[in-house]
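Visitor: Hi, I'm new to this one. Can you walk me through some of the side chains and strands?

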Amino acid sequence: MKQTALKKFLKFLYICFICLVLLVAAANLYVFSARVIFGNRLPTVFGYTTAVVVSGSMRPAIEVDDVILIKKQAAYQVGDIIVYETADYLITHRVVEVTDKGYITKGDANTIPDAEVAREAVRGRVVKVMHTAGRVLEFLKTPLGMLVLVAGVFVVLYLPEILSRIFGKRSDYIGKRF
């Protein structure tokens, strides 16, 4: 009885993992095609997008190599950290004043505010900061990083079968693909 419950639980975990991998792969394919084919610098998935911070203008709240999670909103208020688009860059700064046409922003580490930002240029508000996660993402974009990622997924998917072959026996809950 316990072995059947364990077998069902492992099958459930396996299916959840496969679904998660497929969902992440589909989201990455969409983001890649939106950036490369359609030229969208900040495509969203389910209303959210991410970016890696490359400057220290928002220190200490947001550091270089932090990953920020961004969500588009209808309006922004003083104190919100927003991401807006210029001709050349995506900029992450804090709203210090709301005007009729847009927002005045300033980086926490900067001494003077930026020029007024039009409402249309704002891509979203920072809702989460993942400190130093950008280093991991940048690594995964390299050939070695992709190899490590693919090898990691392979090991997780086939570890039960590999172990059963190494140890020369097959148990009821590993090695049979559930």
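Visitor: What sits over the ring of Tyr103?
Guide: The charged end of Arg119 does, 5.1 Å from the ring's centre. Keep in mind that this is a predicted model.

Visitor: Ok. Is Tyr103 buried or exposed?
Guide: Tyr103 is buried, because its relative accessibility is 2%, and the cut-off for buried is under 20%.

Visitor: How many aromatic pairs are there in the whole structure?
Guide: A search finds 2 aromatic pairs. One of them joins Tyr76 and Tyr103. That pair is edge-to-face, with 5.8 Å centre to centre and 80° between the planes.

Visitor: Where do those two tyrosines, Tyr76 and Tyr103, come from in the chain?
Guide: From distant parts, 27 residues apart. Tyr76 is in the loop between strands S2 (67-71) and S3 (81-85). Tyr103 belongs to strand S5, residues 102-106.

Visitor: And Tyr76, buried or exposed?
Guide: Tyr76 counts as buried, at 7% relative accessibility.

Visitor: What about the rings of Phe154 and Tyr158?
Guide: Their centres are 4.9 Å apart and their planes meet at 40°, so this pair is tilted. Both residues lie in helix H3 (residues 143-167). They are 4 residues apart, about one turn of the helix.

Visitor: Switching to strands. How do S3 and S4 run?
Guide: They run antiparallel, joined by 5 bridges. S4 covers residues 90-98. The two strands form a hairpin with 4 residues between them. Val83 stands opposite Thr92 in S4.

Visitor: How many bridges join S4 to S5?
Guide: There are 4, and these strands run antiparallel. S4 and S5 form a hairpin with 3 residues between them. Here Glu97 stands opposite Ile104 in S5.

Visitor: Last one. Where does Thr49 lie?
Guide: In strand S1, residues 48-52. Thr49 is buried, with a relative accessible area of 7%.

Visitor: What lies 2.7 Å from a polar atom of the Thr49 side chain?
Guide: The backbone oxygen of Pro43. Leaving aside neighbours within four places in sequence, Thr49 is in contact with several residues, including Leu42, Thr44, Ile68 and Ile70.

How values were computed:
Residues are numbered from 1 along each chain as its sequence is written. This is a predicted model: local features need pLDDT of at least 70, side-chain atom pairs count only at pLDDT 80 or more; totals for chains, interfaces and linings use all residues. Side-chain values use heavy atoms; hydrogens and water are left out. Rings of Phe, Tyr and Trp (its six-membered ring) pair if their centres lie within 6.5 Å; planes under 30 degrees apart count as stacked, over 60 as edge-to-face and the rest as tilted. Buried means under 20% relative accessible area, exposed over 50%, partly exposed in between (1.4 Å probe, protein chains only). A charge sits over a ring if NZ of Lys or CZ of Arg is within 6 Å of the ring centre and within 35 degrees of the ring normal. A polar contact is a pair of N or O atoms within 3.5 Å; within protein, one must be able to donate a hydrogen and the other to accept it, and residues adjacent in sequence count only if both atoms are side-chain atoms. Contact means heavy atoms within 4.5 Å. Two strands pair if DSSP finds at least two bridges between them.
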